[in-house]
Amino acid sequence: MQAGFASKLYQWIESLKRLSSHGNKQSEENSAAIMDVIDLTRDSDERYEFHLPVDHERTTMEEEFLEDLSRTSAFRRLSDIRFLGALDYYLISSPNQHPQNSRYTRAQHSWGVALLAQRYLQGKSFTPHDRMVCIAAAMLHDIGHSAFSHTLEPAFVELFGINHHAVSEEIIRGSDRQFEDVRATLTTYGLDPEEVIAVLNGDDEKYDRYFSGPINFDTIEGILRSRQYVKMETLGLSPWRVLKASKDRSARADQETVDSFWNLKGEIYNLVIRSSFGAFLDQLFLEIFKREQDRISPNDFYLSEAQMFKKFPGLRKAFDPSFIEQFSREAFSGYLSVTVRHFHVDQSQDFFTRCDALRYKHTKELRNVQIPRFSGGDLGEA
C-alpha cells in the first residue's frame, strides 16, 4: 500500500535531517581542531534574523536608500513571491505566526543580501557612490522574479522568451511604467541604472566578485536561508560568519568555514532545492500552468502569487492528493529528468589568493528519477 502524500513528505523531511545531521557530525569530527579556535562570540556572529533581516531604525543615507527601494512597487511585489517557489507550499504546509512555521519570501532574501553587502563594505575604502551601487545591486538582484520564483519561469521562457534576468534589467531601467519608481529612486540618489545592471552582469571585480563568483552575497544568504526550512545542523555557519571568513581570509579557520559552506551548498541543492521531490513539485506546477497556455500572457510574469492563483485557480489543484495521483499518471511516463549537481573543493587551489572560481567547483549530471505515487494526506495551503 502506498503511503499518503503527507506521510511521504514527512518521511522525506526527516530523511533530510538525518542525512544532514550525519554529514555535519562527520565534518565536525574532521575539523574539531579548527572549529575549536573560532570565537563564537565575535561581533560577526550575532544572531542572523532570517525572518526580519532589517533594522527599521535607519539613520544613514545608505539605510534610507534601502528603505526607499523597499517601498517601490516592484520590491513590494517580492513580499508575495515565495523564496523556494512551489516547494515552499509543501515544506511549510500550515504557515502561522511561529518562526518555524513561516514561509520565506524573495523580499526577505533581498534584504538579507543587501545587509551582507553592507557588512562587506565595512572597512573597505570605496567612494560613497560605489558603496551605493553595491548595495543597490544587492537589494535588486532578484527584482525580476516571477511568481513561485523559478518554478514557472520555464513556461515564460518557452512561450515568450522572458526570464527573470531580462525582467530585472527592464525594471531597473524603468522600461516598464508600472515599475518605473525603481529607476526614479536610483536616480534620486545619483545612481545610473546601467551601473547597477553592469555589476549584476559580472562587472564586479572591484567588489571581489561577490556578485558573480561562486562565493557571493546571494548564494551565502540563499543557501543558509534554504537550510532553515529543514532545520539542518549548522556547523557554526551563519551568513555573517561565512561572509566574514570569505572576506578576511586571514586564518586557516576562515578556509574551513568557507569550504564547509560550499559542501553545505551541495547538500542543500541535492537534498532540498533540486531534490527529486522538489523537481517533481516544480514540474507539477509547471504542467498545470501550461495547460492554461491560451490564457497566459507576458504580463503574467509580473503578477504576485496571490494574483496568479486568482487568474489561474487550477494551480490550487496542486494541493489535491487525488489530483496529483491522477495527473502524475497522465502527464509523466513514470520518470522525471533531474539535474544533479556535484560540488567539490579543489584543495590544490590556494584559498588565500581568492581564486574562488578555481577552488569552488561544481558539475552537473542529468538523471532519471522515478516519480513517487501519492494518495491521501493533507497538502499545503495556497
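## Loops, core and helix packing

Guide: We can start with a loop residue: Asp208 lies in the loop between H11 and helix H12 (217–228). The model is predicted.

Visitor: Is Asp208 buried, partly exposed or exposed?

Guide: Buried means under 20% relative accessible area and exposed means over 50%. The relative accessible area of Asp208 is 31%, so the residue falls in between and counts as partly exposed.

Visitor: What is the phi of Asp208?

Guide: Most residues other than glycine have a negative phi. Asp208 is not a glycine, yet its phi is positive, near 55°.

Visitor: Which relative accessible area does Ser149 have, and is Ser149 buried or exposed?

Guide: Ser149 sits in the loop between H7 and helix H8 (153–160). Its phi is positive, about 50°, although Ser149 is not a glycine. Because the cut-off for buried is under 20%, Ser149 counts as buried, with a relative accessible area of 1%.

Visitor: At what angle do the axes of H7 and H11 cross?

Guide: Two packed helices are described by the angle between their axes and the distance between the axes. For helix H7 (residues 128–140) and helix H11 (residues 193–200), the axes come within 9 Å. The crossing of H7 and H11 is right-handed. Its angle is roughly 65°.

Visitor: How many nonpolar, polar and charged residues are in the contact of H7 with H11?

Guide: On the H7 side the residues are His129, Val133, Ala136, Ala137 and Leu140, and they meet Glu195, Val196, Val199 and Leu200 in H11. By class, the contact of H7 with H11 has 7 nonpolar, 1 polar and 1 charged residues.

Visitor: Which residues touch Phe217, leaving aside neighbours within four places in sequence?

Guide: The largest nonpolar core has 107 residues, and Phe217 is one of those that touch the most other members. Leaving aside neighbours within four places in sequence, the contacts of Phe217 are Val113, Leu116, Ala117, Tyr120, Cys134, Tyr210, Phe211 and Leu243.

Visitor: Is Tyr269 buried or exposed?

Guide: Tyr269 is part of helix H14 (residues 252–273). Not counting residues up to four places away in sequence, Tyr269 touches Ile223, Arg274, Ser275, Arg341 and Phe343. Its relative accessibility is 17%, and the cut-off is under 20%, so Tyr269 counts as buried.

Visitor: How far apart in space are Tyr269 and His342?

Guide: In sequence, Tyr269 and His342 are 73 residues apart. In space, C-alpha to C-alpha, the distance between Tyr269 and His342 is 9.2 Å.

Key. Residues numbered from 1 in each chain as written. Predicted model: local features only at pLDDT ≥ 70, side-chain atom pairs only at ≥ 80, totals over all residues. Heavy atoms only, no water. Helix = DSSP H or I, 4+ residues; strand = E, 2+ residues; numbered from the N terminus. Buried < 20%, exposed > 50% of the residue type's maximum accessible area, 1.4 Å probe, protein only. Contact = heavy atoms within 4.5 Å. Core = buried A, V, L, I, M, F, W, Y, C linked by side-chain atoms within 4.5 Å. Axes fitted to C-alpha atoms, helices over the stretch in contact; angles between N-to-C directions. Left-handed = near helix turned anticlockwise from the far one by under 90°. Nonpolar A, V, L, I, M, F, W, Y, C, P; charged D, E, K, R; others polar.
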